[in-house]
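The structure is shown first.

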Amino acid sequence: PEDDGDYDTRKDLPEYACKYCGIHNAACVVRCNAPNCKKWFCNSRGNTSGSHIISHLVRAKHKEVSLHKDSPLGETMLECYNCGCRNVFLLGFIAAKSDSVVVLLCREPCLSVNSLKDMNWDLAQWEPLVSDRCFLQWLVKVPSDQEQLRARQISAQQINKIEELWKTNPEASLEDLEKPGVDDEPQPVALRYEDAYQYQNVFGPLIKLEAEYDKYMKETQSKDSITVRWDTGLNKKRVAYFLFPKEDNDLRLVAGDELRLRHPGDSSHSSWTSVGHVVRLTPQEEVALELRNGQGAPTDLTHGFTVEFVWKATSFERMQAAMRTFAVDETSVSSYIYHRILGHEVEEQQMKVALPKRFGAPGLPELNHSQVQAVKTILQQPVSLIQGPPGTGKTVTSAAIVFNLARMGQGQVLVCAPSNVAVDQLAEKISATNLKVVRLSAKSREAILSPVEHLTLHYQVRHLATDDKNELVKLQMLKDEQGELSSADEKKYKALKRNNEREILQNADVICTTCVGAGDPRLSNFRFRQVLIDESTQATEPESLIPLVLGAKQLVLVGDHCQLGPVIMCKKAAKAGLAQSLFERLILLGVKPVRLQVQYRMHPNLSEFPSNCFYEGTLQNGVTWSDRMQTAVDFPWPIATKPMFFYVQMGQEEISASGTSYLNRTEAANVEKIVTTFLKSGVNPSQIGVITPYEGQRAFVVSLMARVGPLKQQLYKDIEVASVDSFQGREKDFIVLSCVRSNEHQGIGFLNDPRRLNVALTRARYGVIVLGNPKVLSRQPLWNALLCHYKEHEVLVEGPLNNLKQSMVQFQKPRRVVN
Amino acid sequence: DEYVRVRQRAVSAEEEAEFDKELRAMVQESVEARKFEVRKGAALELAMPINIGAQKPGETTAGPEADAPAGGKAFRLVTRRGAKQQTRELIVPASSRLAISSRKKDDAEREE
Ligand SMILES: [Zn+2]
Ligand SMILES: [Zn+2]
Ligand SMILES: [Zn+2]
């Protein structure tokens, strides 16, 4: 079956790695030869007073060692030349009085026996093996400073603990020391980490928690009594359409998700089940599921189906693998990036680059001053952050950076983002500069129509002109028609495909994929010195690490920490800090982001509040009032020149039918009236977005528009009604925001997060209408500021839509809200 | 290929003193144990290794010479497993006690 079939991408340390710190340089390690021990240790001191091998021997009371077979002396047991004593605390070198010959001799008795004194040996110059708490450095090398800094930073206390543990369990590892008990709270994320092992010890358990939660959610989220509509796709595969009801806390279905569809059978049908991929979601959230094997599907049945999620561990496994690689493979990232990520104090570094004369790129719009500044700065830094507030041309700037990076001759550039949508957008822009771009998609997403289809690897494989192309095309067609190939043909098909894929990937200037996609086995032998991650503020740290550990020396993180962060389902993991992106932590560590400052999206009236509130007033307008005047649209704005208002709503919130969400009927009714007014004045449905944080309200607004909307049904169907989160990264001409919550005593839920408010307010180009209860909202400081802003502009209004009047409603004093 | 400077941590004096004590105890113990155990069996006459005169230091094949630090001195380390004797090249830095004493000997021989 078509599967992402991961090879084991885990990297492990060799057996001879120092059991304390992981250093695995053959010249620097020795093996403890005590029976039941046989562990390897290095001759570095790290953060302890004795070298690791000496610390071990002293703590464990072991005394015998041998050298590594690849060390300069080869595999050698250290023992007294005369009596065979192997106690390294007694051994030392002596030289013969001539011939430059040396041997190891023990201190007691061989050295102290008087009868030896007059021999050929210079006994007075006995040089002990162990001196200054480490082995003679010319016998067992001390690892370089670089090696030592890159190794696990084990402390004396940890050494004592692990030595204690080894007494009862010789196989125990340092990870076992850190393992939390079953009911323990997970260790929270830190600002700085001693080493990559500690980093892994913190993030590993958090990823595990999130994976377990995700698995639990998916496995318990099966829905019964689903009604199916059958169709056949262009590729002749069976597609089942159905509505998949969801609640506030449910996972959002996205294209590429794997679902299992079953029917229990009836008098004339036997039971049936098939797995498929979601290939599309309609605006009404109808799911199109392409079945992997549609043969025998009961297409004459429509009712009584069950839908289940198929959980996949791939993304979590790749995060864990990336953290492990980061720890044990010193070539995974440059030293600079390694220490930067761990929060060590590193001296600033500049890349030695010849800057181009122009920083723009062919096929892209001319860059503005702050964009040029951003590109220029970034090209010279090994680690940089670009903050792109809404509408500031983040994607164009990123594409220009990638264009310039690709021209520096450092090899292929890897471009990633956490979401497929963002990767597609960026791939398209980069491709406009004429660079050779390959968009690598997960195999489970190959059936999903992509706006950059022609850039995808699977498309290029099918359309590549090579000698064995005909063969591959023939087999592909056969496979498409029959659903499967004979095992010989399948083998041939796979080999041909793999070769073609490798060739196309190797010829690319830029490879674009999701962060998780960077862990695809098809990239495992590639190295990328330059990596750009867009939307990096929406990725967890371990997710960002996946593209990094393919050899990064120069890293560009693009994002905006004032907008929504990564979605973490497991509250425990979120509370421990998994929702904090690497971008944010780097800011806390003092990396200054370059901020793009000119926004080209919002009417200047709409950008004023977000600029002041979230960006210290630095956001400049690249569009003017006249650019954003829709004179043709006849809408009753309370102040004709200001396309915004806060529509005071006093209707009650109620709990939705499912019992897990909220809705607000008055607000919904007014949303419908506003939408109808827009539509009547000639606004296209695709220009309008309705944002509401609650699933209950979303469903209610959709059904209300369908029931009472006086215009053609299709118009309402084409209006997107969705959560704040699903609007992130996108824009609409007009945004209607329905806040829903209206109670005196409880909180305002989702609206409490300033970053969510920022996203909601910055989606619109031409106009924004907020519906909510000021009495309730004003208690939250940020909402209070927003309400005052609307009031000052005389656009805090109430009354019927065709006769809006300024509202005199009293605000409450804001109080500090503890999240 | 790159040089990165990173802040380093210090070891506490307390920990250092404690470790020193344990290390000294370990050496002391080893010495004491041998003192009473000796003089039975082991030949106490240290014989000059045989059959190694033919090879000059620097000509042995064991051990890469590239690692020889500037100013280092090459010795031949003789080891034995039972009756079998092996020679390996050992590069010793000029500042080591071995190298210094050997240099003194060379000088003394020249003066004679
Ligand atoms: Zn041991
Ligand atoms: Zn070590
Ligand atoms: Zn001896």
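## Surroundings of A:Ile430

In this predicted model, A:Ile430 touches A:Ala399, A:Val402, A:Phe403, A:Val415, A:Leu435, A:Val437 and A:Val510, leaving aside residues up to four places away in sequence. Two residues are in contact if their C-beta atoms, placed from the backbone, lie within 7 Å.

## Nonpolar cores

A:Ile430, together with A:Val402, A:Val415 and A:Val510, has the most contacts inside the largest nonpolar core, which holds 94 residues. Helix H6 (residues 196–220) of chain A contributes the largest share of this core, nine residues. Apart from it lies another core of 63 residues, including A:Cys28, A:Cys42, A:Val65 and A:Val102.

A nonpolar core is a set of buried Ala, Val, Leu, Ile, Met, Phe, Trp, Tyr and Cys residues joined through C-beta atoms within 7 Å. A residue is buried if 20 or more other C-beta atoms lie within 10 Å of its own, exposed if 12 or fewer, and partly exposed in between. Helices (H or I, at least four residues) and strands (E, at least two) are DSSP runs, numbered from the N terminus.

## Helix packing in chain A

Helix H9 (residues 369–379) and helix H10 (residues 394–406) of chain A have axes that come within 10 Å and cross at roughly 40°. Axes are lines fitted to C-alpha atoms, for helices over the stretch in contact, and angles run from 0 to 180 degrees between N-to-C directions. A:Gln371, A:Ala374, A:Val375, A:Ile378 and A:Leu379 in H9(A) meet A:Thr397, A:Ala400, A:Ile401 and A:Asn404 in H10(A).

Helix H1 (residues 52–60) and helix H4 (residues 156–168) of chain A pack at an angle of about 50°, their axes being 10 Å apart. H1(A) and H4(A) are therefore oblique to each other (angles under 35 degrees count as roughly parallel, over 145 as roughly antiparallel, 65 to 115 as roughly perpendicular and the rest as oblique). A:Ser55, A:Arg59 and A:Ala60 of H1(A) make the contact with A:Ile159, A:Asn160 and A:Glu163 of H4(A).

## Chain B

Chain B has two helices and two strands, running α-β-β-α from the N terminus on. Of its 112 residues, 18% count as buried. Among contacts in chain B between residues at least 6 apart in sequence, 38% join residues at least 24 apart.

## Basis of the description

Residues are numbered from 1 along each chain as its sequence is written, and chains are lettered from A and ligands numbered from 1 in the order in which they are written. Because the model is predicted, local features need pLDDT of at least 70 and side-chain atom pairs count only at pLDDT 80 or more, while totals for chains, interfaces and linings use all residues.
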